[in-house]
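Keep the sequence and the 3D view open while reading.

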Amino acid sequence: MWRRRCSPPPTWRRWSATPARSCTWRTASWPCSRPTASTPSPATPRETAKEPLTVDWDAGHYDTGGYEHYLLKEISEQPETITRTMSGRLDERFHVAHLGGLNMDARETRSFRRVKIIGCGSAYYSGQIGAQLIEELARIPSDAEPASEFRYRNPVVDPDTLYVAISQSGETYDTLAAVQELKRKGGRVIGIVNAVGSAIAREVDGGIYLHAGPEVSVASTKAFTSTSLAFALLALHLGRVRDLSPADGRRIVEGLRRLPGQIEQILQQGDKIAELAKKYAPHPSMMFVGRVRGYPVAREGAQKLKEISYVHAEAYPASELKHGPLALIGPDMPTVAIVPDDELLDKNLTTLGEIRARGGQVLMVGHREPDAKLADDVIVIPRNEIELDPILLTIPLQLLAYHAAVALGRDVDKPRNLAKSVTVE
Ligand code: F6R
């Protein structure tokens with residue numbers, strides 16, 4: 001048998017059509033394929049240097065499990081899916097998150113001066129939630145950008161920046177191409193990915209798998225909340241090797257543990273949210289507003305509504321309304337306002353007053369009924385730590401979009417013009 005050490009000149013790839021032979025260089029990540037004098041017959045079993053990969057998805061993920069649509073099933077699964085995302089990763093002793101898949105020691109984890117997050121569509125919005133979590137908990141400057149833009153603008157790749165690529169499918173071409181560009185320029189890239197062994201998962205230096213199970217419906221729901229949760233774990237991890245105190249670490253760990261039960265409580269409001277969806281769905285257009293932590297939630301809410309119900313929806317930072325979009329507000333344009341009980345509550349309530357003064361209807365999502373009659377309808381969610389609010393605030397918006405799409409008779413799981421995995425430019 002041929003036992004010379006293999007070295008990997010790139011031209012060997014061209015020979016990949018010839019039968020591969022095993023090679024003693026076990027670290028090779030590509031099959032050592034080199035023509036031999038006696039080419040084996042096609043019946044000869046081939047050896048490969050590739051490791052088998054076991055995926056923990058079962059057939060039950062691919063039926064609707066008694067729900068009318070995959071989307072409703074996937075929304076309803078979120079107490080379990082986020083439990084799986086955090087399972088085995090929280091440490092009650094040191095109040096940290098264990099993320100061995102990052103392949104980084106503590107010294108390297110401390111060395112990053114910035115975090116740059118890339119992803120497309122809903123993945124990008126969850127990246128905005130992630131950037132805020134990392135800034136708040138780890139005090140590292142962070143931002144998110146659509147991967148589809150990033151890859152075309154010849155980005156400056158900084159050795160002190162941790163790059164994070166997000167993808168449910170792990171196959172989105174724009175995100176993959178951005179990762180390849182980063183790697184080519186020597187960037188350190190980790191992935192937050194659902195699909196095990198996917199193209200992006202194979203390309204990155206390490207990462208966090210979501211373990212949310214396959215997402216069948218075209219609109220992303222459970223992967224969105226699991227990604228946001230994975231960012232909370234990453235922020236905790238980065239924070240606890242820096243200045244996040246054990247007390248704050250404990251506060252976040254305990255908050256994360258409360259999330260599955262609280263999501264369950266929101267899901268129990270499904271009938272009420274279905275009624276609200278029937279009331280608001282006939283409007284041709286809807287505005288979604290939120291401030292800081294609430295803004296990416298508003299963007300995701302608008303995205304969900306437009307993609308599955310085809311109702312036009314715009315999302316704005318609430319602080320920006322008076323700089324232009326307030327002109328649109330009136331009886332035909334209801335607003336979904338994300339108003340958590342945080343340090344921005346008073347400012348948000350002022351915004352509701354401005355909308356109501358212009359005859360706009362308000363559907364508020366927050367922690368309590370507003371004092372004055374500032375909203376026509378309110379969906380109340382349970383309280384947790386304010387940094388984790390975006391995860392809980394997202395759930396009612398998913399249900400609102402789902403029930404609006406059902407009320408309008410749309411093809412909920414396969415909305416027009418969209419594909420689950422965008423593998424083209
Ligand atoms: C929206 C949605 C899309 C995806 C985007 C990225 O509901 O599903 O916006 O989030 O196409 O897909 P992944 O996460 O597979 O890279």
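The notes below go from the whole chain to single sites.

This is a predicted model. The chain holds 13 helices and twelve strands. Of its 425 residues, 56% are buried. Among contacts with a separation of 6 or more, 71% join residues 24 or more positions apart.

**Ligand site**

- The ligand is surrounded by 14 residues. The closest are S167, Q168, S169, T172 and E307.
- A polar backbone atom of S122 is 3.1 Å from a ligand oxygen. A polar backbone atom of S220 lies 2.9 Å from an oxygen atom of the ligand.
- K304 uses its side chain instead: an N or O atom there is 2.9 Å from a ligand oxygen.

**Packing of α2 and α8**

- Helix α2 covers residues 78–86, and helix α8 covers residues 222–240. They pack at an angle of about 35°. Their axes are 9 Å apart.
- The crossing of α2 past α8 is right-handed.
- On the α2 side, the contact is made by Q78, T81, I82, T85 and M86. On the α8 side, K222, T225, S226, L229, A230 and L233 take part.
- By class, this contact has five nonpolar, five polar and one charged residues.

- R89 sits in the loop between α2 and β1 (90–91).
- Is R89 buried or exposed? Its relative accessible area is 13%, under the 20% cut-off, so R89 counts as buried.
- The R89 side chain has polar atoms placed by two backbone oxygens. The backbone oxygen of T85 is 2.9 Å from a polar atom of that side chain. The backbone oxygen of Y209 also lies 2.9 Å from a polar atom of the R89 side chain.
- Beyond its neighbours within four places in sequence, R89 is in contact with V96, A97, H98, L99, I208, Y209, H211 and L233.

- E387 is placed in the loop between β12 (377–380) and α13 (389–407).
- Which residue makes a polar contact with the side chain of E387? The side chain of R251 does, at 2.8 Å.
- E387 is buried, because its relative accessible area of 9% is under 20%.
- Leaving out residues up to four places away in sequence, E387 touches L133, E136, L137, R251, I252 and R293.
- L137 is 250 residues from E387 along the chain. The C-alpha atoms of the two are separated by 8.4 Å.

**T394, within α13**

- T394 is found in helix α13.
- T394 has 2% relative accessibility, so this residue counts as buried.
- Apart from neighbours within four places in sequence, T394 is in contact with F224, T225, V297 and E300.

**L326, in a loop between strands**

- L326 lies in the loop between β9 (312–317) and β10 (335–339).
- Not counting residues up to four places away in sequence, L326 touches L321 and R358.
- L326 and M287 are 39 residues apart in sequence. Their C-alpha atoms are 9.9 Å apart in space.

**Positive phi outside glycine**

- N154 is not a glycine, yet has a positive phi of about 45°. N154 lies in the loop between α5 (147–150) and β5 (161–167).
- Why does N154 count as exposed? Its relative accessible area is 58%, and exposed means over 50%.
- V292 also has a positive phi, of about 50°, and is not a glycine. The place of V292 is in the loop between β8 (285–290) and α11 (294–309).
- V292 is partly exposed, because its relative accessible area of 47% falls between 20% and 50%.

Terms used: Residues are numbered from 1 along each chain as its sequence is written. This is a predicted model: local features need pLDDT of at least 70, side-chain atom pairs count only at pLDDT 80 or more; totals for chains, interfaces and linings use all residues. Side-chain values use heavy atoms; hydrogens and water are left out. Helices (H or I, at least four residues) and strands (E, at least two) are DSSP runs, numbered from the N terminus. Buried means under 20% relative accessible area, exposed over 50%, partly exposed in between (1.4 Å probe, protein chains only). Contact means heavy atoms within 4.5 Å. A polar contact is a pair of N or O atoms within 3.5 Å; within protein, one must be able to donate a hydrogen and the other to accept it, and residues adjacent in sequence count only if both atoms are side-chain atoms. Axes are lines fitted to C-alpha atoms, for helices over the stretch in contact, and angles run from 0 to 180 degrees between N-to-C directions. A crossing is left-handed if the near helix is turned anticlockwise from the far one by less than a right angle, and right-handed if clockwise. Ala, Val, Leu, Ile, Met, Phe, Trp, Tyr, Cys and Pro count as nonpolar, Asp, Glu, Lys and Arg as charged, and the others, Gly among them, as polar. A residue is near a molecule or strand if one of its heavy atoms lies within 4 Å of it.
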